[in-house]
Amino acid sequence: PQTHWDVTVTENLTYGTSATWILHIGNSFSDVPPSHWAYRFVETVLHNGITSGCGQGLYCPQDAVKRRQMAVFLAQALNDGPIPAQGTVPGWGAYDCSPGGVSLFADLAPTDAGCPAVHDIAARGITSGCGGGKFCPEAPTTRGQMAVFLARSLAGNDVPNAGLVPGLGSYQCGAGGVSVFSDVDPADARCPHIHYVAAQQISVGCGGGFFCPGAATRRDQMAVFLAKAFGLGLVSY
């Protein structure tokens, strides 16, 4: 009857009490069948209210995640209730995502559907935009940017510069340091964030010892990253 379909089951236990289980039915998107490698993760982010797909019963798994969409994913995951439409971004000022309101990004209208989410993650210090007072909402989210977004969402300003990536070795970000990925320079500003998401087993790269930081993040990949980063599950009770 709707995209996100759950069923409630009451189990009567032998010792006189009962347990209520809410089970996610699945098979929610016609372009992500049960045989799809990311099926479980796509259903998980849907079940947890992170996304409702790309419209018309589709998830668009191969599409690149736009920066606006990334903001919505993160804001949905970080807020227990509705994303606030008004607030303050420290050091920037107040915003109001409503007709006649105020956006702090020159390329994002107050009436843009992504306005509350973009400002919410900016207020949390997760992003400061793409430079020049803009957010670049239509630009694809690269894997390097994805790592920064997720690392800051989870660790704030405490993303470590050094540590251990299980199975890959130790890293030390900074000039003259060590990276476990051959395409990530230790002096790259994204180095700590990339290694953090790898150390947390959110993403361990794109294969062959590479992380592919400049490649676009696909929507099916993002479902996996979000589910792992925020410890999301399918069944609640």
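The legends below describe close-up views of a predicted model.

**View 1. Overall fold of the chain.** Six helices and six strands make up the secondary structure of the chain, and along the sequence they follow the order β-β-α-α-β-β-α-α-β-β-α-α. The radius of gyration is 19 Å, which agrees with the value near 18 Å that a compact globule of 237 residues would have, and the C-alpha trace spans about 65 × 50 × 35 Å along its principal axes. Of the 237 residues, 40% count as buried.

**View 2. The disulfide of Cys97 and Cys115.** The sulfur atoms of Cys97 and Cys115 lie 2.0 Å apart and form a disulfide, which is left-handed because the torsion about its S-S bond is about -70°. The pair links distant parts of the chain, with Cys97 in the loop between strand E4 (93–96) and helix H3 (115–123) and Cys115, 18 residues apart from it, in helix H3. Both cysteines, Cys97 and Cys115, are buried.

**View 3. The disulfide of Cys173 and Cys191.** Cys173 is joined to Cys191 with an S to S distance of 2.1 Å, and the torsion of about -75° makes this disulfide left-handed. Cys173 lies in the loop between strand E6 (169–172) and helix H5 (191–199), whereas Cys191 lies in helix H5, so the pair ties together parts that are 18 residues apart in sequence. Cys173 and Cys191 are both buried.

**View 4. The disulfide of Cys206 and Cys212.** Here the sulfur atoms of Cys206 and Cys212 are 1.9 Å apart, and the link is right-handed, with 75° about the S-S bond. Cys206 is partly exposed at a relative accessible area of 37%, and Cys212 is partly exposed at 26%.

Definitions and conventions:
Residues numbered from 1 in each chain as written. Predicted model: local features only at pLDDT ≥ 70, side-chain atom pairs only at ≥ 80, totals over all residues. Heavy atoms only, no water. Helix = DSSP H or I, 4+ residues; strand = E, 2+ residues; numbered from the N terminus. Rg over C-alpha atoms; globule rule 2.2 N^0.38 Å. Buried < 20%, exposed > 50% of the residue type's maximum accessible area, 1.4 Å probe, protein only. Disulfide = S-S within 2.5 Å.
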